[in-house]
There are 2 protein chains.
Amino acid sequence: MSDDDDRHREKMAKRKAVQDAEVASKTIEKGLLIVHTGPGKGKTTAALGLLLRALGRGWRVGVVQFVKGAWDTGEKHALKTFGAQVEWHALGEGFTWETQDKARDAAAARRAWAEAERLMADPSLRLLVLDELNIALRYEQLDLDAVVAALKARRPDLHVVVTGRNAKPALIEAADLVTEMGSVKHHFSAGVKAQEGIEF
Amino acid sequence: MSDDDDRHREKMAKRKAVQDAEVASKTIEKGLLIVHTGPGKGKTTAALGLLLRALGRGWRVGVVQFVKGAWDTGEKHALKTFGAQVEWHALGEGFTWETQDKARDAAAARRAWAEAERLMADPSLRLLVLDELNIALRYEQLDLDAVVAALKARRPDLHVVVTGRNAKPALIEAADLVTEMGSVKHHFSAGVKAQEGIEF
């Protein structure tokens, strides 16, 4: 055993003591309000990853999509594998520049939010993803105060994940965990198109 | 139809023309080298989301975990559902402060990298996740130049996702898509512990 090995072991033993104390200091268990925002990739994808993890634990999970509608996506196919463990509601009508109809966008957002409220009230659900809810809030298709109040009043054992750019400050304030996805480098800038299996 | 509706429609029609031109300008299809880095949550979870999307497209996918070993995780259980579509190799030995053994950490990293090279050579695989490879590179358990050269020499139709904090500049340089996960707010700071179904 060299001196270098000894030093490494000693340093790591100290670090382990610090880590163990850190872990021991955290005792609260609660349903989290999680927000994935920012201009980078990975907001919806990380929510899908949380769904996968929760499904592996045998939880029932729900998804409400506020922008995507009847699109053919890889995730939709994959989640079918889990049958009744997943409640999937794609209630969007597409991007604002596709519908070109403000009233129709707002009506779709209201329908999606009604579904979200129904799922939040379902005690069998442990994780709920509200995909692109931030977009509906940004375009004022829903009442921000009412949405934040409902999210704060969620059951103590329900985790909720909200995705989308430009999360409202009131939502960030109410959240337990907020991650900002930043774009360092993007293949679209190099002329690479959105590809099946990666982007959808 | 009000003036306001007309203005909205006109504005969105213009925006759609811009979007359509954008989309039409991107014609390249290629296997991407994707990096998820930064101090925030969502690096591994977004990789899991990409796996789910790819599985939904019927692709065969691979995962090599450079830090996590024989841990019981939700994702491991969930991915079993997809049978032979997934090659799952958890070859880590745990955190450096758990093993407290530099030589053992380096040997584990080399075994994991050998598995990664084998999977990159398997033409049936379309997506490969190298989870926490950045950690092994940071602690110089692997040769950076050799790893970056192998990743750049990947098959043109293979997507590779590398996760972990502190991605090396040479890897970022070689990548097509780099997302930095930033931590805006974290529940650990409020005494909330790592919870099953969310963190693992």
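Visitor: How many residues does the contact take from chain B and from chain A?
Guide: This is a predicted model, and totals for interfaces use all residues. On that basis, the contact draws on both chains, with 76 residues from chain B and 76 residues from chain A.

Visitor: What area do chain B and chain A bury between them?
Guide: Of the area buried between the two chains, 59% is on carbon and sulfur atoms. The buried area of chain B and chain A is about 7,000 Å².

Visitor: How many salt bridges does the rule find across the interface of chain B and chain A?
Guide: A salt bridge requires a side-chain nitrogen of Lys or Arg within 4 Å of a carboxyl oxygen of Asp or Glu. Across the interface, the rule finds 12 salt bridges.

Visitor: Which element supplies the largest share of the side of chain B that touches chain A?
Guide: The interface also holds 34 residue pairs in polar contact. Several elements of chain B each supply at least two residues of the side that touches chain A, including helix H1 (3–25), helix H2 (43–56), helix H5 (102–120) and strand E6 (177–185). The largest share, 10 residues, comes from H2(B).

Visitor: In E6(B), which residue is the bridge partner of Met181(A)?
Guide: Strand E6 (residues 177–185) of chain A pairs with E6(B) in the antiparallel sense, over seven bridges. Within this pairing, Thr179(A) has Ser183(B) as its bridge partner. For Met181(A), the bridge partner in E6(B) is Met181(B).

Visitor: In E6(B), which residue is the bridge partner of Val35(B)?
Guide: E6(B) also pairs within chain B, where four bridges join it to strand E1 (residues 33–37) and the two strands run parallel. The bridge partner of Val35(B) in E6(B) is Val178(B).

Visitor: As by what kind of axis are the two copies related?
Guide: Chain B can be laid on chain A with an RMSD of 0.0 Å, by a turn of 180° and a shift of 0.0 Å along the axis. The same surface serves both copies, since 100% of the contact residues of chain B recur in chain A. From the turn and the shift, the two copies are therefore related as by a two-fold rotation axis.

Conventions:
Residues numbered from 1 in each chain as written. Chains lettered and ligands numbered in written order. Predicted model: local features only at pLDDT ≥ 70, side-chain atom pairs only at ≥ 80, totals over all residues. Heavy atoms only, no water. Contact = heavy atoms within 4.5 Å. Buried area = accessible area lost by both parts, 1.4 Å probe. Polar contact = N/O pair within 3.5 Å; in protein donor to acceptor, adjacent residues only side chain to side chain. Pairing = 2+ DSSP bridges. Least-squares fit on C-alpha atoms with pLDDT ≥ 70 in both.
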